[in-house]
Amino acid sequence: MTFQDVLIQQVINGVSLGAIYSLLALGFTMVYGIIELINFAHFNVFMVGSFIAMYILQALGLNGQNVILTGFSLVGVLVVALVGTMLLSGALGVLIERTALRPLRGVPGTAAMITTIGVSYILFNIVLLTIGADAFNFPNPMPTVRWGEAGVVLQLREVLVWVVAFLLMACLNYFVRRTKMGKAMQATAQDQEAARMMGVEVDRVVMITFFLGSALAGAAGLIFGLYYNYTNFAIGYTAGLRAFTAAVLGGIGNIPGAMLGGIIIGLIESLGGQLLEVRWTDVIIFSVLVLVLVFRPTGLFGRATAARS
Amino acid sequence: MVSPGTRTWSIGEALAAPFRRLSSDQQRWLILTLVVIGALVFPLIDRNEGDIDAAANATAFAVLALGLNIVVGLAGLLDLGYAAFFAIGAYFYGVTSSWQLHPEWSSFWEPFQWLGVVAHYQAMGENVVHFTLSFWIAMPLAALVAAFFGVLFGAPTLRLRGDYLAIVTLGFGEIVPIVVRNWPTLTNGAMGLNGVQAPSLFGYSFGVTSSPYYYLGVALIAFLIFVSSRLKESRVGRAWMAIREDEIAAGAMGVNRVKLKLLAFAIGAGFAGATGTFYVAKLQTATPDMFMFPVSVMILVMIVLGGMGSVYGVVLAAVILQLLQSWFLQDLSGWLHVLGRAVGNDWMQQIDLTQSIELIFGIILVLMMLYRRQGLIPATRATKALTLEQQTALPSRGTIDVDLRVVAPGELKPGTAMLEVEKLLKTFGGITAVKDVDLRVEPGSIVALIGPNGSGKTTLFNLITGMNAPDRGRISLLGEDITGLPSHLIVERGIARTFQNLRLFSNMTVLENILVGQHSHTKTGAVGAVLHTHAMLAEERETREHALEILSIFGNRLMPRLNQVAKELSYANRRRLEIARALASRPKILLLDEPTAGMNPAETIELAHQIKSLRGMGLTVFLIEHKLNVVNELADKILVLDHGEKIAEGTAEQVHAKPEVLEAYLGRKVAHA
């Protein structure tokens, strides 16, 4: 493999990773945009989402990589798994919002943030105590389809990740920009009080934001499993931190920014891992986070609220 | 009502009765003494080495919790990577007092050998350096190193919203163990440091028994309680709490937010570093796994459970959690096993509750935040009670002659305006909020700013007080340019303000609010606060006296409520308190943003009189007001703003006669009808 091949291969890997981070970053950025809260529970909603996806696929009769589907049956299974995972993860997000966060709306200071840490910890430990610390073989019905020769290889799983992520982001974009509820979300993000006076039900908007963010985290959990062929109780922490960095990089509160930020972080991870050593990846990404905050706290694509102190 | 004759006494009550007769101060001392004695004799009574060891570990975490309490509890900065600073301290001592590094001996090391920091080791063909830094020197040095890292990573984020600190510290807490793991030459990687030298004191080596470490830990706790309590009741601690309560208002009262946040962060990190040396000395080993995220969360749980900002609560919570981990969960599991055997339930026989400790931590965090945010022992905000003499020695309203004039009449050059604004412009996106405004406020006058809602009045105030930077134009105070200065420096120059929607430090007392108001012209730093230096005590006395003088302007409205928490005050009293807090900064000019908003007519008249008397005391007042009777009564000059532009200026009669003003208020048709 020439150096160029390696580079192209790592870009393919990076964009795939980045797509997962983008989906996850969207949840952070949407919630932050609406209620200015860093939702640490999001880390583990993603992790729980990947387990939900695993169980749905198993319920559909898939186990490990033994069952290979093609054509409509493959698409059908994936759509069912995706929709099911998103609905259940979204419901989990709504549950968290209703029980743990709504009572704290308007409480100043760090209370809500600490609560999300607690919720995240609860999810993490429930999974650890009930399901266990093993890495689980994630069912994957996709046939191994490769394009390209020895040098650069593009696999079906990567194409799938891209397609799913792209479709979901396009839907989200449509929802936020074109629908009535999406406009209510934008209005609430800009000025909650004014939105309320204009008849926007803020509680409902917040609930839907949590639903959407968590549903996207669930989708990210599904494609994480399909991409890596495993899931585990600990995947939320690293992925969550990277996705949050992506959200900050894109300008927190900025939806297209989160998408692009995710891709950039994915590329940094794959190329950085190639150029340096993989064990330093977290250090590189953390450095990116600190550098962005020092030099461009509003993110690459900016939003004024970020720098407000 | 139970009559005394028929009253029955239970044994508990009988025992508690003498205790109740003590004053609350005496009660506190009694409890404290008992706790201290209990802590000191504990290893002598309980001879079980395992128990003492667990207790010694608990002291380390209690010290950590006290350190983090300064950051989270007092300053309100959420630090999720506290274990990283703990690790830095631990590895600092671990590396400088073990065989981990052993470079070849050379003459370079001789001065260090003379200082006792290294030893020359020659045996079996080896000729190397052995690091033997004394524990007692390592501890403060580790604190400094950890504080340095705290500043390094705190500085970029502390300028931003507090949320960012949470995520950056989370990331920092994540990467420090990674760096430790991946840098084996320095840290021996995942295998961990070994053979860390035990501390010794006057020739007595602490060795591997737990008791000496336990006592050292107790001493550290006592030291930290002392430091935290002194800091909390000082200018520095009050500024931290003000930042926690309302950052913008803290800035407007002269608190340099970045500097104070960094200070809190560095002090917290320093305490963690010092504790790291203690912990690693006790275990005589250090591995990266000892400093992962769960440690940071556990310390946070201690603070949340005990009560943010509550020194004793935090220690209590540390003890409770340690008891839970070391004893209670094990015992409970044991009982469940017995019960399981009795009823023949397999699941109950195998249950191990100690594994669920982290789940319990998560549940504690959520439940405490939802149902008891103040923690088990709420942080008391006991400000020292004033003597009756102090309270009554001051004149009440009407006879007061406090001179608020901070500019001597001779100091003023004739023709210099107190406040002058020239061609001031501010746009937000496409909206011009303030458009080329010129204005002058003469010394000793009351100027009122009126205009319809959204006409840019508050924005103008924000520009003058440094909350927003103007796009263009110049603001000067007594001829000195102050354009673009940060808000805390503007207060220092002599412009104080109140806010339209009240920005008090709600969980601080009336007195504390006013003491924060004096932040800009007091000096005590962290060291002075801890040592209670002569200068600090004098300053503290003086600020308290000044606070009482200021409060006396409002007669008996606020004076009896000195130690009440601000959020408990009535609405009108909160308005008064905000004015008092602004006055406490000894301003040359006072900016009041709708001071009588929400007050009833009687209260409005009272306040209007008080504002008038402020002018009598030499103060210049610039106010935004909607109630035209107040404006007409008070103002020497009225300025009218509409759509960001000044449309009229003059006395009440002049302004009311202007058609533009009527138009702005009533609309074109009505005005021309």
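The crossing of α13(B) and α14(B) is right-handed, a crossing being called right-handed if the near helix is turned clockwise from the far one by less than a right angle, and left-handed if anticlockwise. The two elements are helix α13 (residues 293-306) and helix α14 (residues 311-343) of chain B, whose axes come within 7 Å and cross at roughly 120°. Axes here are lines fitted to C-alpha atoms, for helices over the stretch in contact, with angles running from 0 to 180 degrees between N-to-C directions. α13(B) and α14(B) are therefore oblique to each other; angles under 35 degrees count as roughly parallel, over 145 as roughly antiparallel, 65 to 115 as roughly perpendicular and the rest as oblique. On the α13(B) side the contact is made by M298(B), V301(B), M302(B), I303(B), L305(B) and G306(B), and α14(B) contributes G313(B), V314(B), L316(B), A317(B), A318(B), I320(B) and L321(B). Residues are in contact if their C-beta atoms, placed from the backbone, lie within 7 Å. By class, the α13(B)–α14(B) contact comprises eleven nonpolar, two polar and no charged residues, where Ala, Val, Leu, Ile, Met, Phe, Trp, Tyr, Cys and Pro count as nonpolar, Asp, Glu, Lys and Arg as charged, and the others, Gly among them, as polar.

The structure is a predicted model, in which local features need pLDDT of at least 70 and side-chain atom pairs count only at pLDDT 80 or more, while totals for chains, interfaces and linings use all residues. Residues are numbered from 1 along each chain as its sequence is written, with chains lettered from A and ligands numbered from 1 in the order in which they are written.

Chain B contains 28 helices and 16 strands, defined as DSSP runs numbered from the N terminus (helices H or I, at least four residues; strands E, at least two). The C-alpha trace of chain B spans about 100 × 85 × 55 Å along its principal axes. Of its 673 residues, 46% count as buried; a residue is buried if 20 or more other C-beta atoms lie within 10 Å of its own, exposed if 12 or fewer, and partly exposed in between, with C-beta atoms placed from the backbone. Among the contacts in chain B with a separation of 6 or more, 76% involve residues 24 or more positions apart.

The domain assignment divides chain B into domain 1 (22-97 + 133-371) and domain 2 (391-672), the bounds coming from an automatic or database domain assignment. The centres of the two domains, taken over C-alpha atoms, are separated by 44 Å. Their contact takes 22 residues from domain 1 and 28 residues from domain 2 of chain B. On the side of domain 1, two or more residues are given by each of α9 (211-232), α10 (235-245), α11 (247-252) and α12 of chain B. The largest share of that side, seven residues, comes from α10(B). The residues of domain 1 that touch domain 2 divide into 13 nonpolar, four polar and five charged.

Two residues of chain B other than glycine have positive phi values. Phi of Q284(B) is near 55°, and this residue is placed in the loop between α12 (257-283) and β6 (285-286). Q284(B) counts as partly exposed, with 18 C-beta neighbours inside 10 Å. Phi of H532(B) is near 50°, in the loop between α21 (526-531) and α22 (534-552) of chain B. H532(B), with 13 C-beta neighbours inside 10 Å, also counts as partly exposed.The contact between the chains takes 33 residues from chain A and 36 residues from chain B. On the side of chain A, α4 (111-130), α9 (235-249) and α11 (281-295) each supply at least two residues, and the largest share, twelve residues, comes from α4(A). The side of chain A that touches chain B has 24 nonpolar, six polar and three charged residues. The crossing of α4(A) and α16(B) is left-handed. Residues of α4(A) in this contact include A111(A), I114(A), Y121(A) and L129(A), and those of α16(B) include E358(B), F361(B), G362(B) and M369(B). By class, the contact of α4(A) with α16(B) has 14 nonpolar, four polar and one charged residues.

In chain A, N229(A) is found in the loop between α8 (202-228) and β4 (230-231). N229(A) has 15 C-beta neighbours inside 10 Å and counts as partly exposed. Leaving aside neighbours within four places in sequence, N229(A) is in contact with Q65(A), N137(A), F138(A) and N140(A).

Conventions. Contact = placed C-beta atoms within 7 Å.
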